[in-house]
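Please keep the sequence and the model in view while reading.

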Amino acid sequence: IPGVGEKTAAKWVREFGSLAELTDRVDEVKGRAGDALRANLAHVLLNRQLTELIRDVPLDVAPGDLAVRPWDREAVHRLFDDLEFRVLRERLFATLTSAEPEADEGFDVEGGALAPGTVRAWLDEYARDGRRVGLAVHGQLETWAGRDIEGIALAAGEPSLEARAAGAAAGASQAAYVDVRTLLPDDEAALGEWLADPDVPKAAHDVKAALHGLRARGWVLRGLTSDTALAAYLARPGQRSFDLADLALRYLRRELRVEGEPDDGQLSLLGGEQEADAARAQAQIVSASAVAELANALDADLAQRGGTRLLAELELPLLFVLTDLETAGVAVDVEALTALE
């Protein structure tokens with residue numbers, strides 16, 4: 001209403017009790033403001049009609065029907081594969097949370113951070129008996145300015161059939177976390193020798209960035225029999241992203257967490273920095289354990305699809321060729337570029 005502000009309008013509603021009552025008694029409003037109200041009453045009623053919330057629309061659902069329910073990850077994968085959605089899949093899984101846990105189980109973890117001076121003994125006892133060892137390399141690995149490894153988690157999977165035939169026992173897998181920042185000289189040598197041993201089968205997830213970090217420390221990785229990101233790509237080439245947590249749920253029906261982890265709300269007896277280090281080690285161990293199991297599941301999937309040789313004879317060797325190319329880089333003739341400029 002021209003010339004009528006919020007205070008005046010609120011005063012009228014309080015005085016008359018409602019807009020409907022004000023409309024019925026509009027002639028009682030005095031002064032110039034009353035004249036403006038009467039002149040614009042049709043606009044007032046139209047605005048009210050347009051802005052009033054309609055409360056009598058028939059609804060097919062009740063509030064209880066709108067409760068968040070678990071979503072079917074596999075159905076989403078199938079749909080996105082059919083529609084060839086690639087970017088959207090990664091964004092969806094990064095943002096969507098389920099109303100309930102998508103898997104009842106996590107990973108059984110036996111082991112923790114290794115004390116300085118114990119690396120060689122652990123490797124000799126648990127990581128040289130024919131089991132394929134899952135690796136999770138942790139650190140600042142995504143920047144070209146420097147590839148800095150902070151730690152390596154190792155999880156020995158189930159013994160191979162050949163190893164069992166030779167006497168290796170089945171059972172719970174052993175895992176450990178090596179903080180490379182605290183290694184003693186013998187630890188450093190033992191880990192380097194083990195990583196370079198081609199007779200020890202190893203698996204990792206999306207390992208190319210980690211290869212640069214290992215090289216920066218003078219280490220070489222040999223014996224890699226599976227990169228679970230590459231294996232998943234060969235199994236499902238229409239998918240764009242191959243997140244470890246998603247693959248663990250899809251293939252193993254397990255979440256990246258420790259099975260039976262207590263959640264009693266009690267405070268940890270560790271200090272803040274110690275607690276953070278322990279949590280980091282445990283998270284990396286869980287990732288390494290997932291890689292070890294996932295590699296076996298993907299081996300079986302690729303065998304059914306006829307992709308075993310493609311992984312072993314093309315993709316894995318090419319991974320190291322690409323790493324060599326990235327390490328070499330591109331030579332630039334600065335003088336020639338300056339002249340062109």
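## Terms and model

A residue is called buried here when its relative accessible area is under 20%, and exposed when that area is over 50%. The model is a predicted one.

## An enclosed strand

Strand E4, which runs over residues 175-179, has five of its five residues buried, so it is largely enclosed by the rest of the structure. In a regular strand the side chains alternate between the two faces of the sheet.

E4 pairs with strand E3 (residues 148-156) in the antiparallel sense, over five bridges, and Leu 154 stands opposite Ala 176 of E4.

## The nonpolar cores

Leu 154 is also among the residues with the most contacts inside the largest nonpolar core, which has 52 residues; Leu 135, Ile 152, Leu 191, Trp 194 and Leu 195 are listed with it. Helix H13 (residues 272-305) supplies the largest share of this core, seven residues. Apart from it lies another core, of 10 residues, including Val 4, Trp 12, Phe 16 and Leu 41.

Beyond its neighbours up to four places away in sequence, Leu 154 touches, among others, Trp 122, Val 133, Leu 135, Ala 176, Val 178, Trp 194 and Ala 288.

## A nonpolar surface patch

On the surface, Val 330, Val 332, Val 334, Leu 337 and Leu 340 form a nonpolar patch, with about 560 Å² of accessible area together. Leu 340, which belongs to helix H15 (residues 334-340), has a relative accessible area of 74% and is therefore exposed.

Key: Residues are numbered from 1 along each chain as its sequence is written. This is a predicted model: local features need pLDDT of at least 70, side-chain atom pairs count only at pLDDT 80 or more; totals for chains, interfaces and linings use all residues. Side-chain values use heavy atoms; hydrogens and water are left out. A nonpolar core is a set of buried Ala, Val, Leu, Ile, Met, Phe, Trp, Tyr and Cys residues joined through side-chain atoms within 4.5 Å. Buried means under 20% relative accessible area, exposed over 50%, partly exposed in between (1.4 Å probe, protein chains only). Helices (H or I, at least four residues) and strands (E, at least two) are DSSP runs, numbered from the N terminus. Contact means heavy atoms within 4.5 Å. Two strands pair if DSSP finds at least two bridges between them. Patches are made of residues with over 30% relative accessible area and no salt bridge: like charges are joined within 9 Å, nonpolar side chains (Val, Leu, Ile, Met, Phe, Trp, Tyr) within 5 Å. Accessible areas come from the Shrake-Rupley method with a 1.4 Å probe; for residues, only the protein chains shown count as cover. A salt bridge is a side-chain nitrogen of Lys or Arg within 4 Å of a carboxyl oxygen of Asp or Glu.
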